[in-house]
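Reader: I'd like to go through this one with you and ask where the labels come from. Can you show it to me?

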There are 2 protein chains.
Amino acid sequence: MHPFTQRRSASVAALGETGLIAAISRWLGPASPRAPFGMGDDCAVLPPCPGRLLLTVDPVIYGEHFDDKVPPRGVGEKLFKRNLSDIAAMGGRPRAAVVALALGPHVRLDWLEGFFRGLAAVSRRHRVPVVGGDVARHDGGIVATLTLVGVPAGPRVVTRTGARLGDWIFVTGRLGGSLASGHHYRFAPRLAEGAWLAGRPEVRAMLDVSDGLAKDLHALTPAGAEPALDAAALPCRPGCDLRAALCDGEDYELVLAVAGKTDGAAFLKAWRRVFPRTRLSCIGRFVRRGGCPAGAINLEDCHGFEHLR
Amino acid sequence: MHPFTQRRSASVAALGETGLIAAISRWLGPASPRAPFGMGDDCAVLPPCPGRLLLTVDPVIYGEHFDDKVPPRGVGEKLFKRNLSDIAAMGGRPRAAVVALALGPHVRLDWLEGFFRGLAAVSRRHRVPVVGGDVARHDGGIVATLTLVGVPAGPRVVTRTGARLGDWIFVTGRLGGSLASGHHYRFAPRLAEGAWLAGRPEVRAMLDVSDGLAKDLHALTPAGAEPALDAAALPCRPGCDLRAALCDGEDYELVLAVAGKTDGAAFLKAWRRVFPRTRLSCIGRFVRRGGCPAGAINLEDCHGFEHLR
């Protein structure tokens, strides 16, 4: 659906600010508690969170993260799930979200309703209330920004740092072709998987793949090392070649470093017991820089998604 | 400063994403701790916050909240301070911020540096680290969104709800002419004042004035009541008339309801002891609807700032 219309009666302008906020509250329904625990005051008030907090923010922007081909509900879902994926990558549990919307008066009301119903659906599914936000005028398109507060699901938070030379590299799900397949808004964030992995001491570091494996893997690679990836082991989405799996981006899968001395078969067996329907693949390991074996994928050719060029 | 340039070497496109993130980290300096407590991982990790949390989000948008007349540093300061003002209005203390930036490749690098140095200055002044964020491409202008996590400064959080018939209405500082005077980006958020007011049991409800007193006062007004404001008591900024003070918006001052039986002189005396340089004015009280005394300001004529019309 194209999000804009020149028909005033079908657009945001028909409601104005006060009417729009009332409509948003209706569209979100039980996903949005009342003030002071939700929308309607200067801040939202959250119940105490014992322990450390996780904080992450990601937007969806018209023309960049979605276009007319993505249904409005899918846009709302994508916005929420992109952020859930970041919480998943730390081994976290989401607690509350706020949404800031920048949009012009020509945005279609039915587009906006779909967007908020998408947010509400994810909110219900993962039991994460939308506790507040902001709506402001912006004549240059649609920018929706969601901030998520979370807590560690267990005693441990897994970061991108901690992988060592010799560690195995694993990835969840399949890679590549996210845009063409609609995976980029239909994916399920790996929250349960991330929490389970964070509880395994052999998992040393983790991140979620959003800009393509070839690019994002750099952040996991320890100093003096490089990833030696086995092309045959890479879980490509059906119809995707190796290059797509490495470079397309928007996979929202978890990539992790597993201690080199781990019994890989036992680790995979333990995984399958808990997640029988989700693939976990060992795709290579970190070797000394310059020591990549013949036949390993040459990552030099793949740059992944580069913003702002 | 106009934020855009067609000269590639002077724009964001010259750096690309990786270079830009390194530059942002440099511009923020000590305002931004390293991962996992700051930028560079999927989420930022915050130390435990005992008690409830406050969460608020507000953007600044080119053409809406700033233009070429506001220096880039002022834009960054405004973004941070708008959110601090929301924390102040609840009687809170800010703890950490994340910033999401949507901008095109034609944004001037020196504009962006000024913007982040403005954020860094406010961060240092109020000891609130910028712990993370996102930069994404958007060809429709500049949208910068900041989310702030805070905690109550004392045992009590003050909301917009709680005012009663007969309560006095007070306001900090002066009102009106915010855009013309530059107050809209030069203001100091009322954090110390908000924390002190939240500790006073006679303060029943509070908010910060951002869309103009006439409009924002509705949210404080108890059911069945209306505000009877005394024109002579309204603290207008020099050069501003009554209408400007009521309708201009972007004042970022605190408006509060004080229990009707309070000894106003003693309350003001206690205030002046702590805040000798900040004006606090009693501007009226909440009376029964339809019972406004002759001579009180007629608020029907003033609508304040209305977005999205």
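Author: What follows is a chat about labels and the values behind them. Keep in mind that this is a predicted model.

Reader: Fine, let's start with the backbone. What makes the peptide bond between Ala35(A) and Pro36(A) cis?

Author: The omega angle: it comes out at about 0° for that bond. Pro36(A) sits in the loop between helix 1 (16–28) and strand 1 (44–46) of chain A. In chain B, the bond from Ala35(B) to Pro36(B) is cis as well, with omega near 5°.

Reader: And why is Arg127(B) called exposed?

Author: Its relative accessible area is 76%, and the label asks for over 50%, so Arg127(B) counts as exposed. Its backbone is worth a look too: phi is positive, about 55°, although Arg127(B) is not a glycine. You'll find Arg127(B) in the loop between helix 3 (109–126) and strand 4 (130–137) of chain B.

Reader: What makes strand 8 of chain B largely enclosed?

Author: Strand 8 covers residues 225–229, and four of those five residues are buried, so the rest of the structure largely encloses it. Strand 8 also runs antiparallel to strand 10 (residues 280–288) of chain B, with five bridges joining them. Pairing takes at least two bridges, so five is enough. Leu229(B), for instance, stands opposite Gly284(B) in strand 10.

Reader: Now salt bridges. Why do Lys81(A) and Glu77(A) count as one?

Author: The rule wants a side-chain nitrogen of Lys or Arg within 4 Å of a carboxyl oxygen of Asp or Glu. The closest N and O atoms of Lys81(A) and Glu77(A) are 3.9 Å apart, so the pair passes. Both lie in helix 2 of chain A, four residues apart, about one turn of the helix. Lys81(A) is buried at 2% relative accessible area, and Glu77(A) is buried at 12%.

Reader: What does the pair Arg190(A) and Glu253(A) tie together?

Author: Parts that are 63 residues apart in sequence, because Arg190(A) is in the loop between helix 5 (183–186) and helix 6 (191–198) of chain A, while Glu253(A) is in strand 9 (residues 253–258). Their closest N and O atoms are 2.8 Å apart. Arg190(A) is buried at 14%, and Glu253(A) is buried at 2%.

Reader: Which residues are joined into one network by salt bridges?

Author: Arg73(A), Glu77(A), Lys81(A) and Arg125(A), through bridges that share partners.

Reader: Let's finish with the interface. How many residues does each chain bring to the contact?

Author: Chain A gives 68 and chain B gives 68. The area buried between them is about 5,300 Å², with carbon and sulfur atoms giving 61% of it.

Reader: What polar links does the rule find across the interface?

Author: Six salt bridges, and 14 residue pairs in polar contact. The largest share of chain A's side, eight residues, comes from strand 2 of chain A. By class, that side has 38 nonpolar, 14 polar and 16 charged residues. One of the salt bridges is between Asp42(B) and Arg160(A), at 3.0 Å from N to O.

Reader: What makes strand 2 of chain A and strand 1 of chain B a pair?

Author: They share three bridges in the antiparallel sense, and at least two are needed. Leu55(A) stands opposite Ala44(B) there.

Methods. Residues are numbered from 1 along each chain as its sequence is written. Chains are lettered from A and ligands numbered from 1 in the order in which they are written. This is a predicted model: local features need pLDDT of at least 70, side-chain atom pairs count only at pLDDT 80 or more; totals for chains, interfaces and linings use all residues. Side-chain values use heavy atoms; hydrogens and water are left out. Helices (H or I, at least four residues) and strands (E, at least two) are DSSP runs, numbered from the N terminus. Buried means under 20% relative accessible area, exposed over 50%, partly exposed in between (1.4 Å probe, protein chains only). Contact means heavy atoms within 4.5 Å. Buried area is the accessible area (1.4 Å probe) that two parts lose on being put together, summed over both. A polar contact is a pair of N or O atoms within 3.5 Å; within protein, one must be able to donate a hydrogen and the other to accept it, and residues adjacent in sequence count only if both atoms are side-chain atoms. Ala, Val, Leu, Ile, Met, Phe, Trp, Tyr, Cys and Pro count as nonpolar, Asp, Glu, Lys and Arg as charged, and the others, Gly among them, as polar.
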